[in-house]
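Reader: I have a model open and want to go through it. Can you take my questions as they come?

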Amino acid sequence: MTAQANTADLVVDYACNGGIAGTGSGTVNLRTKLTVPTTLNVGDPLNVSWKLGYKDATRLGAPALLPNGGRVEVTGRVNLSGSWIGQLQPKGFVDQPGAMVKGTPLKLPEGIADFAYTDREGTLTVKPGKLFIDFRPPASEVVVNDDDPRISYGPGWEDLNDQPSQNNDNHLDLHRTTAKDAWASFTFTGTGIDYIAQRDQRAGPVDIYVDNEPGTPPRVDPSRNDDGTVVNDANKGGQTLWKFRGLKFGEHTISIKNVEDGKWGQLDAFRVVTREVANPPQEYRATCEIVSAPVAVQVKIGGGGDNPASPSPDTSASPSASPSASASPTDENPGGGGESPSPSPSTSPSPSPSPSASPSPAAAQTQNYIVTAVVTQGSPSPTATRTVTLTATPSVAQVAITPQGGAQTGEAPERVSSSAMLLIGSGGALLMIGMLSGVAMLRRRAAHSGERG
């Protein structure tokens with residue numbers, strides 16, 4: 001089991017300005033706590049966590065009217081120096097619930113975190129840097145009625161309320177003018193905008209501008225259909241007469257102007273469209289600088305090496321919590337390469353079992369064993385664990401044994417035993433008996449021949 005590492009907690013105060021800090025309290029004060037481990041072993045992750053919170057009554061504020069809330073994203077900077085140089089970027093976010101108007105206080109994420117793996121021994125200096133707080137608006141579509149106070153009207157407009165429901169006007173009301181060049185404007189935040197009014201034979205053309213530039217198209221005529229023919233409608237409300245998409249997310253202004261004197265210019269509503277944005281708008285970013293005394297933490301990393309040692313073949317690693325020389329790996333082959341050591345056969349119980357091999361005319365078979373050595377680095381630093389795979393070679397001979405005195409052995413023949421001498425004597429006696437029997441038969445034949453003669 002790995003021991004719990006020591007940690008250090010740093011309290012760091014920040015002052016945030018710009019972006020959503022400016023739409024809130026102006027300068028927003030944060031109090032944060034950075035937690036960093038102080039002792040590690042090679043291979044352990046360097047985990048850095050950061051708790052966030054407001055220091056006082058100052059708050060970040062919503063940047064605009066946002067009916068579906070939004071998301072606050074925080075990114076930190078943690079600089080590393082010493083054994084190696086680098087930077088961690090702890091990140092976190094929190095969604096804002098419910099609709100918001102400009103300046104609504106924003107929630108911060110409870111914390112942010114990041115980590116890096118350690119690959120060698122040494123000492124690191126960990127130092128917190130800036131914080132960056134972004135706001136990401138959600139996708140939305142919002143209809144803004146003609147009597148919304150954010151819409152400005154020039155001279156010549158009339159506010160018509162309590163319109164017949166069959167007209168289908170938004171909120172049963174609209175603004176109307178018959179004066180040439182009468183204008184109305186609306187500033188919104190989003191990526192698109194729609195112009196909504198009635199289609200009617202008595203209406204006239206209306207010019208449209210976006211950010212003081214002619215819109216696309218620059219003019220719309222509610223008295224005509226899309227193909228240019230005159231409409232037969234009267235008071236057909238709730239119609240989207242003009243729309244535009246593809247604006248960069250941010251604040252924009254739309255203006256409409258009645259073109260002909262005596263013709264109706266009307267406004268029922270605007271529809272504000274916000275598409276999902278790939279990245280938080282830069283104009284919403286608040287930058288937070290450290291205002292408390294500079295702080296840093298030193299992290300000591302030990303227990304590693306570029307050439308991990310191998311355990312000796314006759315080591316017996318006892319699963320004991322206390323460190324032991326027999327449980328520590330030893331470097332049998334510091335130069336690297338060569339054959340892996342084989343564990344010695346032993347009848348006593350040991351975490352490293354002895355291999356058993358059977359003779360085979362084929363190549364020697366091998367068996368793999370995992371030997372784990374536990375080295376205690378000292379409490380409360382983590383414990384280094386090294387795992388080594390050893391290959392066991394069978395110790396039984398793999399070829400047949402040639403008898404003593406055989407060919408190509410270079411050894412003297414085996415000595416003749418007494419039983420062999422007895423066998424030789426018996427053979428000689430049998431040979432003499434056979435010869436005498438033959439002589440006797442020859443004489444008998446000769447005798448018979450004499451008698452015949």
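Author: A definition to start with: a residue is called buried when its relative accessible area is under 20%. This is a predicted model, and 36% of the 453 residues of the protein count as buried.

Reader: How many helices and strands does the protein have?

Author: There is 1 helix, against 23 strands.

Reader: And what share of the contacts with a separation of 6 or more is between residues 24 or more positions apart?

Author: Such pairs make up 75% of those contacts.

Reader: Which residues touch the most other members in the largest nonpolar core?

Author: Leu30, Leu60, Leu131, Ile133 and Val299 do, in a core of 45 residues. Strands that give two or more residues to this core include strand 1 (7–17), strand 2 (28–37), strand 9 (122–136) and strand 21 (297–302).

Reader: Take Leu30. What does Leu30 touch?

Author: Leaving out residues up to four places away in sequence, Leu30 touches Leu131 and Ile133, among others. Its partners also include Val12, Tyr14, Leu108 and Cys288. Apart from this core there is a second, separate one of 22 residues, with Phe188, Ile254, Ile256 and Val272 among them.

Reader: Switching to pockets. Which residues lie nearest the centre of the largest pocket?

Author: Ala64, Leu65, Arg150, Phe188 and Thr189, out of 22 lining residues. The space in that pocket is about 370 Å³.

Reader: Which strand gives the largest share of the lining?

Author: Strand 14, with 4 residues.

Reader: And what is the lining by class?

Author: The lining of the largest pocket has 13 nonpolar, 6 polar and 3 charged residues.

Terms used. Residues are numbered from 1 along each chain as its sequence is written. This is a predicted model: local features need pLDDT of at least 70, side-chain atom pairs count only at pLDDT 80 or more; totals for chains, interfaces and linings use all residues. Side-chain values use heavy atoms; hydrogens and water are left out. A nonpolar core is a set of buried Ala, Val, Leu, Ile, Met, Phe, Trp, Tyr and Cys residues joined through side-chain atoms within 4.5 Å. Buried means under 20% relative accessible area, exposed over 50%, partly exposed in between (1.4 Å probe, protein chains only). Contact means heavy atoms within 4.5 Å. On a 1 Å grid over the protein atoms alone, a cavity is a set of points where a 1.4 Å probe fits but cannot get out, and a pocket is an open set with protein on both sides within 12 Å along at least five of seven lines; lining residues have an atom within 4 Å of a point. Grid points are joined across faces, edges and corners, and a volume is the space filled by probe spheres set on the points. Ala, Val, Leu, Ile, Met, Phe, Trp, Tyr, Cys and Pro count as nonpolar, Asp, Glu, Lys and Arg as charged, and the others, Gly among them, as polar.
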